[in-house]
Amino acid sequence: MSLESIFNELLIDHSKFPRHYGHIGNSNISVEGNNVMCGDQIVLSARVVDGKIDKIAFTGKACAICTASSSMFCDNAEGQTLDHIEHARSIFQKYLRSEPISDEDKKFLGDAAALEGVSKLPSRVKCASLVYEAWNIMRKRLLDEAPPTAVVTTE
Amino acid sequence: MALDPALIRKSYPIYRHFAGTGETFIYLDNAATTQKPDSVIDAELAYYREFCANVHRSPHKLGEEATNCFELARASIAKFLNIDDPSQAIFTSSTTGSINIVANILAGQYLKPGDVILLTPSEHHSNLVPWQMAAARSGATLEFIDIFPDGTFDYDQVGRNWNPRTKVLAFQHASNVTGAIHDVETLSGLARHNGALSVIDGAQAVAHLPVDLNALDCDFYAFSGHKCVGPTGIGVLYGKRELLERFTPVFGGGEMILRVQRQSSTYNALPYKFEPGTPNIAGAIGLGAAVEYLMGLGMSEIASYVDALAEYACQRLSKVDRVTIAGPLTNRTGAISFNINGCHPHDIASILDHRGIAIRAGVHCAEPLMEALGVASTARASFYFYNTRDEVDQLVSALENTKEILGQ
Ligand SMILES: Cc1ncc(COP(=O)(O)O)c(C=O)c1O
C-alpha cells in the first residue's frame, strides 16, 4: 500500500480540519485518552439524552491518525444509540486487524473506512484506536460498568 | 585517520544483509541502540560455541577460559574508560541496572531525611525514577537545575544556587533527546567541593566521545553496552574505590560472598561483591569486544566524524521550512531532535519508515524534558559513524515529501 493511500485525502482532511473539535455546553460525561509514549492526548465529551448521543466532541493534541480517527468517530457517533456506536467499534477493531469485513459493515464505518491503511502500520494502530477506547470506557460508565475516573491508553 | 563509513559497513552483518536484499536501509535510531559489528557477534558466539562454562567457580579448562575472557573484557573496559583498577568496573544489566544499584545503596546507607538529590530536568526516566524511589525511601527530596530551551545550562548558576543540603548530584553526560554534552568534570568538581556525591548517566556519551574517568573524577558512572556497538543486557557501573568498599551490596547471592554462615556472611572483594549470581558472561565478553573495536577506530576519530556529520545534519535540517531543532548546534552528540510545525512526530516517523529511514518519535523516556522544552514530543534522528552525508540528504528530501503527504 502506498503512503499516499495510507495518508489519503480524507484522512488528511479530517486531521487538518477535525469535525466535532472543541467543547460542548452541558456535556454530561467525558473521558481522557492518553498515549504517553507518543504524546497523543484527547478528551472525548458527550451529552447523552435518553440513551442517545445527542452531542459528542473531542479536544486535544494528537497525530494525524489519532486526530482523523477521533473526528471520523464523532461524525459517525452523533445522534446514535450506544448499541449502534458499539457495533461500529467492533467493526473498526476487525478492520484494524486486517480481518475481512462486509461492504455493509464498511458503509457502517462512514469516513472511518478511509483508515484502512493504518492496519499496514502496526505501530500506529494504537493511534487510530485511542478514541474508540475512550468511547468504550464512556459507554461502560454510562452503563455503570466502569469507575468515573478512568483515563484510557492504547499503548 | 578519517573514518570511512563504506569500509566500516563491510564488517556489519546488517549492512551486508540489506546490501544483499537491495532494500533501502537508513538507520538513524542509534541513540536507541546501535548496530553490531562482526567482532562483537563473533565474540559472543565463540563463548557459546567454544568455551561455554560458568565463571569463577568451575575447576576445569573451559571454566578457566570463560573466566579468563570475562576478566579480559573487564580489563578492556577499564582501558577504554581509563579506570585505574578494573575491579572498579562492575558488570550490570545496563545503565538502568547500574543507576538502580547506586540509588538503592544511597537510599539505604547514605541519604537522610531532608537531604537533596539534585538532577537536571533532561534526565532519561532511568536516571529519574530510581531517584524518586530513593527519595521516597530515605525522606530526601528532589530538586532540578534550570535549563535553557536547548537543554544546556549555566554551570556558574548551578554553583550559585547550590543548596547546602544537596547530597547527590545525578545527571546525564549527554542527552538522548537534545544531544547536549554536559561538562562532567566541572559538575562533579562542584559536587565534591560541596560534599555531595556525583552520579553520571553515561549511556549516550560513551559511544560518542573519549571518556576518561580518571580525569572526570566523578563518584559513579553508568553505561550500557548496546548503545556503543555492544550487546543488549550488559552494562557497567564504575565507582570510586573507597565508595565501593564503604557501601554494602543491595543484592545477595552466590559469588558475592567469601563465607556464608547461617546468620550472616562476609562479602567478597571488589568487583564480585556487587556481582551476585551468574553474570551475563556472553554479554560481558561481547562488550569487551565492542570497546576493543571502538578503541581500534579511535574515540577521537569517532567523535570528530560524528560531530561533523551532526553539524551538517543540523545545518540542512534548520534550512527546511518549519523545522525547529530542540538542542544545541555544537558540543553535541549525533542525536538530533526536531519538530515540523503542523506535522506530528509519529506521522513523520511512519512516513520515513515507509521510505526505509528509521528514526524515533515520542517523548524518548524523558517526559519532564518535553515539558521543559514546551513540546508534546519530538522526532529524533540519531547518527553514528557508519552514517553518511548522503543519508542526511535523503532524510531531508524525505522530510520535504512528508510535509506534502501530510498536507503541510
Ligand atoms: C541518556 C540515557 N540514559 C539511560 C538510558 C537507559 O539505557 P538502558 O535502557 O540501556 O538501561 C538511555 C537509553 O535509552 C539513555 O539514552
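**View 1. Surroundings of A:S98 in the predicted model.** With 12 C-beta neighbours inside 10 Å, A:S98 counts as exposed, since a residue is classed in this way when 12 or fewer other C-beta atoms lie within that distance. The structure shown in this and every following view is a predicted model. A:S98 sits in the loop between α4 (82-96) and α5 (103-109) of chain A. Although A:S98 is not a glycine, its phi is positive, at about 60°.

View 2. When neighbours within four places in sequence are left aside, the residues in contact with A:V152 are A:V31, A:G33, A:E133, A:A134 and A:I137. One of these partners, A:V31, is 121 residues away from A:V152 in sequence, whereas the C-alpha atoms of A:V152 and A:V31 are 7.7 Å apart in space.

**View 3. Residues around the ligand.** The shell around the ligand holds 14 residues, of which B:S94, B:T96, B:H124, B:N176 and B:S224 come nearest. Sorted by class, the residues of this shell comprise three nonpolar, 10 polar and one charged.

**View 4. Packing of helices α4 and α11 of chain B.** Helix α4 (residues 61-80) and helix α11 (residues 281-297) of chain B have axes that come within 8 Å of each other and cross at roughly 40°. That angle makes α4(B) oblique to α11(B), and the crossing in which α4(B) passes α11(B) is left-handed. On the side of α4(B), the contact is formed by B:A66, B:C69, B:F70, B:L72, B:A73, B:S76, B:I77 and B:F80, which meet B:I281, B:A284, B:I285, B:L287, B:G288, B:V291, B:E292, B:L294 and B:M295 of α11(B). By class, this contact of α4(B) with α11(B) consists of 14 nonpolar, two polar and one charged residues.

**View 5. The cis peptide bond between B:L270 and B:P271.** The peptide bond that joins B:L270 and B:P271 is cis, with omega at about 0°. B:P271 belongs to the loop between β10 (265-267) and α11 of chain B.

**View 6. Packing of helices α12 and α15 of chain B.** Helix α12 (residues 299-318) of chain B packs against α15(B) at an angle of about 20°, the two axes being 10 Å apart. The helices α12(B) and α15(B) are therefore roughly parallel to each other, and their crossing is right-handed. In this contact, B:L309, B:Y312, B:A313, B:R316 and B:L317 are the residues of α12(B), while B:R389, B:V392 and B:V396 are those of α15(B). The contact of α12(B) with α15(B) contains six nonpolar, no polar and two charged residues.

**View 7. Packing of helices α13 and α15 of chain B.** The axes of α13(B) and α15(B) are 10 Å apart, and the two helices pack at an angle of about 120°. This makes α13(B) oblique to α15(B), and α13(B) passes α15(B) in a right-handed crossing. B:I348, B:I351 and B:L352 of α13(B) make the contact with B:A398, B:T402 and B:I405 of α15(B).

**View 8. Position of B:D390 in helix α15 of chain B.** Helix α15, in which B:D390 is found, spans residues 389-405 of chain B. Because 10 other C-beta atoms lie within 10 Å of its own, B:D390 is exposed. B:D390 is 200 residues from B:L190 in sequence, and the two are 42 Å apart in space from C-alpha to C-alpha.

**View 9. Contact between chain B and chain A.** At this contact, 15 residues of chain B touch 16 residues of chain A. On the side of chain B that touches chain A, the elements that give two or more residues are α13 (345-354) and β14 (360-362). Of these, α13(B) gives the most, with five residues. The chain B side of the contact divides into six nonpolar, seven polar and two charged residues.

**View 10. Surroundings of B:C365.** B:C365 lies in the loop between β14 and α14 (367-373) of chain B. Its phi is near 55°, a positive value in a residue other than glycine. B:C365 has 18 other C-beta atoms within 10 Å, and so is partly exposed.

Terms used: Residues are numbered from 1 along each chain as its sequence is written. Chains are lettered from A and ligands numbered from 1 in the order in which they are written. This is a predicted model: local features need pLDDT of at least 70, side-chain atom pairs count only at pLDDT 80 or more; totals for chains, interfaces and linings use all residues. A residue is near a molecule or strand if its C-beta atom, placed from the backbone, lies within 6 Å of it. Ala, Val, Leu, Ile, Met, Phe, Trp, Tyr, Cys and Pro count as nonpolar, Asp, Glu, Lys and Arg as charged, and the others, Gly among them, as polar. Helices (H or I, at least four residues) and strands (E, at least two) are DSSP runs, numbered from the N terminus. A residue is buried if 20 or more other C-beta atoms lie within 10 Å of its own, exposed if 12 or fewer, and partly exposed in between; C-beta atoms are placed from the backbone. Axes are lines fitted to C-alpha atoms, for helices over the stretch in contact, and angles run from 0 to 180 degrees between N-to-C directions. Angles under 35 degrees count as roughly parallel, over 145 as roughly antiparallel, 65 to 115 as roughly perpendicular and the rest as oblique. A crossing is left-handed if the near helix is turned anticlockwise from the far one by less than a right angle, and right-handed if clockwise. Two residues are in contact if their C-beta atoms, placed from the backbone, lie within 7 Å.
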